[in-house]
Amino acid sequence: MTARADIPVSEGSDLPRLLGVGVISIALLFAAFILYAFGQPLFGAIMLALATGFAIVFGARRFYGARFIFPGIAAVLIFIAFPVAYTIYIGFTNYSSFNLLTYERTVEVLTSRASVDPTTEQPFAVAPDGDNFRIWLPETGLLSDPVALDGIAEAQLNPASEPSTLLERRDAIRLREGLGLLTLVTPDGTIIQNAGLRTFASVTPDYQQISPDTLVSADGTVLTANHDIGFFETPEGERVPPGWRVAIGWDNFERVFQSEGIRGPMVSIFVWTFVFAILSVVLTFAVGLTLAVILQWPHLRFKALYRILLILPYAVPAFISILVFRGLFNQNFGEINLILEALFGIRPDWFTDGTLARSMVLIVNTWLGYPYMMLLAMGFLQAVPEDHKKAAALEGASALRVFFTITLPQIIPPFLPLLIASFAFNFNNMVLIFLLTRGLPDIPGTVIPAGETDILASFTYRLAFDNAGQEFGLAGAITLLIFVVVAAISYANFVAMRRAAQRRSGRA
Amino acid sequence: MIVERPKDLLIKKILAHGFMLIFLALILFPFFMVLSISFREGNFSVGSIIPENPTLEHWYLAFGLDYTRADGTVVEPPYPVLLWMWNSIKIGLIAGFGVLVIATISAYAFSRIRIKGKSAMLDGLFLIQMFPTTLALVAIYAIFDALGEVSPFLGLDSHVALILIYMAGVTLHIWTIKGYFDSIDTALDKAAAIDGATPWQTFRFIFLPLAVPIMSVVFVLAFIGFINDYPIASVLIRSESQMTLAVGSRLYLNEFRYLWGDFAAAAILSGLPITVVFLIAQRYLVSGLSDGAVKG
């Protein structure tokens, strides 16, 4: 049953509301304009859409109901759906530390590069002149006309005697922005510029832009912009860094599937991600369920105490306990190895041996995850009718048999969506991998950082943020592959949840 | 259960308690170790569970105080733990409050107001919620890197950016609260409508007061989730003074500067409040957790 949404709002309350909506819409439009003006047309467009949506939903009376969900939907669209789409888009670009900038910025960077002629280099000092400054070149005895040093400026140099007051070096350094934009003209017409913190010299730019897509270097080489690869190229096809971001189609995906150095570790990581997620679910579920069954036993005393102590691993923030385990498992002075050595004389290489590192990840994850399963299982176990179990026991079934034939089949269906959700969570359980092993030890013979304990999500993170390459494009492409898997999982969960809901309503 | 022979029962009891005690000893071992390490001298030393020469050095450092050793050397705190804690709590509270407002209002609408395409939107939200934000990290980084050029206030290293991203994680909470609203008798809103209340008034004066328990559950859950987040915060926050606890704590166990003892004290100091909050709230939290995932 739903309430009717189109109940008339009391008369006369429209004006102040429309006024408020108008003010906020204009503020949002202004923000959109600012974003556009700063060279972010995409974000500007999103802001514009937000402003329009806001004005329509809160302005028109017929969208009264939509007003309630507008903030939530907008937040989800802008901060979840849009980044997901944007990540996929990045997967089709060459965005990386080699192709970091926009085209305009690349041209700016290249044309602002300049070579200093060392023979003309000479130290300078700044002399204050009222609100303005004069530049004093002691080696040639030249003093400039006064300049304000607050923007692009040109000043004539004339022979003069040394000014009586000169600024301290650190005060002069504070003016470096203005100094950088200053051009001085010597009496013989040479143009000199600020060439560092201490000197002026004649400076020639390395590249000059002669047409939108062509630069000419000081030695006459013509560079042409290649918008397919995002680099300026010499006639011989040599690339001149830095590059800019361009869309490169399916290239990243081709790299993933064809480059031996990427495909090998990718397959291994892919398999491990599934193994890790499945084993995590199975282990936490098994341990949690066992404990729940024991705690459910009517003859057991101190239940409340046991329960509180058993959920402690869940109550402590995960990032802290994971780091604690990182310390305890330390190979050289970690407490776990000290105890193992005292008892059995072994010191396992928890962090350098691939298999041991993977076991450690699973041990820690089971420790972290079993209380959640235990708590859920305790709830579901209570729903299993006691007389079913009694009947089976009277028939002579053993406790184990009763559990596996009566109890388990009854709690698995309601548990299923939660198990799938847990699988999805572990599939992307980056916090654990990141804080515990960082994905190490590395898989030998790879061209990209890939570790034995890396799961797909942490692998992507390392590609994008952890190494010198900053392969955002490649990371985006791999993320799209993860999305496909996650989408399949979420659909499975969706179906499982629907079924659970139907069963419940069917029973009710 | 079935009547059992007293002798069997006794053996079973002993076995059950024995199992529990051994299991607990294994499970709680890390906690005892950390407590012991936080009182030990130095950052590498090896020792028994009860330290031979207990020292408060690590605890002084965790609280941001200089510590003077017996030989006169002064040790300075390696990292601003209390500042990180404050950052985490501040971000968690603001984002948690934002999530609560958005989720409660949306959940009410999804539960009670007739909107075109509502069920499609609900399904969409459910599917989106399965995509963790951590997968869009590359884009999130690129977006806030670009926004930072417009205003540093919105860029990398800004708490505002982090709060905005966190607030978008409302989908699961919308489902949780909607499940609660769905269980409220529709006679209540009919009565309100007959008295002439608008849907907003019905929400404000009838549903909001009723929702306080589930809202506190959602708030605590969201808060704990934000405090525990590592991936997003680590991508967006780079400078030490802006870090949250989760990002900062990692610095302690660096290969080149391994501060095991200092970490232990800092970990207890920062973990204890959250643990206590959780233990107090856990009974309500668990039902919230399972309801949110199962209710259709």
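Reader: Which residue stands opposite Ala153(A) in β7(A)?

Author: In this predicted model, the residue that stands opposite Ala153(A) in β7(A) is Leu182(A).

Reader: And how do β6(A) and β7 run, parallel or antiparallel?

Author: They run parallel, with four bridges joining β6(A) to strand β7, which covers residues 182-185 of chain A. Strand β6 of chain A, residues 153-159, also pairs with strand β5, residues 142-144 of chain A, but there the sense is antiparallel and three bridges are involved.

Reader: What holds strands of a sheet together in general?

Author: Backbone hydrogen bonds pair the strands of a sheet, and the pairing can be either parallel or antiparallel.

Reader: Which residues is Glu154(A) in contact with, leaving aside its neighbours in sequence?

Author: Once the residues within four places in sequence are set aside, Glu154(A) is in contact with Thr183(A) and Val185(A). For a sense of distance along the chain, Glu154(A) and Ala399(A) are 245 residues apart in sequence, and their C-alpha atoms are 95 Å apart in space.

Reader: Switching to the open sheet in chain A, what is the order of its five strands?

Author: The order is β11-β12-β13-β14-β15, all in chain A, and the pairing is antiparallel. The edges are taken by β11 (207-211) and β15 (239-240) of chain A, each of which has a single partner strand, so one side of each is left without a neighbour in the sheet.

Reader: Which helix packs on that sheet?

Author: Helix α4 of chain A, residues 103-112, packs on the sheet and touches β11, β12 and β14 (231-233) of chain A, with a direction that makes about 130° with that of β11(A).

Reader: How many bridges join β12 to β13 there?

Author: Three bridges join strand β12 (residues 214-217) of chain A to strand β13 (residues 222-226) of chain A, and the two run antiparallel. Within that pairing, Leu215(A) stands opposite Leu223(A) of β13(A).

Reader: Now the two chains together, how many residues does the contact take from each?

Author: The contact takes 91 residues from chain A and 86 residues from chain B. On the side of chain A that touches chain B, the largest share comes from helix α3 (residues 64-90) of chain A, with 17 residues. That side of chain A divides into 72 nonpolar, 14 polar and five charged residues.

Reader: Where does UniProt place "transmembrane region" in chain A?

Author: The unreviewed UniProt entry gives that feature for several spans of chain A, including residues 68-92 and 472-494. In the model, residues 68-92 of chain A are 92% helix and 0% strand, with end C-alpha atoms 37 Å apart. Residues 472-494 of chain A are 100% helix and 0% strand, and their end C-alpha atoms lie 31 Å apart.

Reader: And which residues of chain B have that annotation?

Author: For chain B the UniProt annotation, again from an unreviewed entry, covers residues 14-39, 89-110, 122-144, 159-181, 202-227 and 258-281. Over residues 14-39 of chain B the chain is 100% helix and 0% strand, with the end C-alpha atoms 36 Å apart. Residues 89-110 of chain B are likewise 100% helix and 0% strand, and there the end C-alpha atoms are 30 Å apart.

Reader: How many helices and strands does chain B have, and why is it said to be spread out?

Author: Chain B has 13 helices and two strands. Its radius of gyration is 25 Å, well over the 19 Å that the globule rule gives for 296 residues, so chain B is more spread out than a compact globule. Of its 296 residues, 43% count as buried.

Reader: One last topic, the backbone: what is phi for Arg438(A) and for Asp157(B)?

Author: Phi of Arg438(A) is near 60°, a positive value in a residue other than glycine, and Asp157(B), also not a glycine, has a positive phi of about 70°. Most residues other than glycine have a negative phi. Arg438(A) lies in the loop between α16 (430-436) and α17 (456-466) of chain A, and is buried, with 20 other C-beta atoms within 10 Å. Asp157(B) belongs to the loop between α5 (137-150) and α6 (159-167) of chain B, and counts as partly exposed, with 16 C-beta neighbours inside 10 Å.

Methods: Residues are numbered from 1 along each chain as its sequence is written. Chains are lettered from A and ligands numbered from 1 in the order in which they are written. This is a predicted model: local features need pLDDT of at least 70, side-chain atom pairs count only at pLDDT 80 or more; totals for chains, interfaces and linings use all residues. The radius of gyration is taken over C-alpha atoms; the globule rule is 2.2 Å times the number of residues to the power 0.38. A residue is buried if 20 or more other C-beta atoms lie within 10 Å of its own, exposed if 12 or fewer, and partly exposed in between; C-beta atoms are placed from the backbone. Two residues are in contact if their C-beta atoms, placed from the backbone, lie within 7 Å. Ala, Val, Leu, Ile, Met, Phe, Trp, Tyr, Cys and Pro count as nonpolar, Asp, Glu, Lys and Arg as charged, and the others, Gly among them, as polar. UniProt positions are given in the numbering used here, feature names are shortened, and annotations may be inferred rather than shown by experiment. Two strands pair if DSSP finds at least two bridges between them. Axes are lines fitted to C-alpha atoms, for helices over the stretch in contact, and angles run from 0 to 180 degrees between N-to-C directions.
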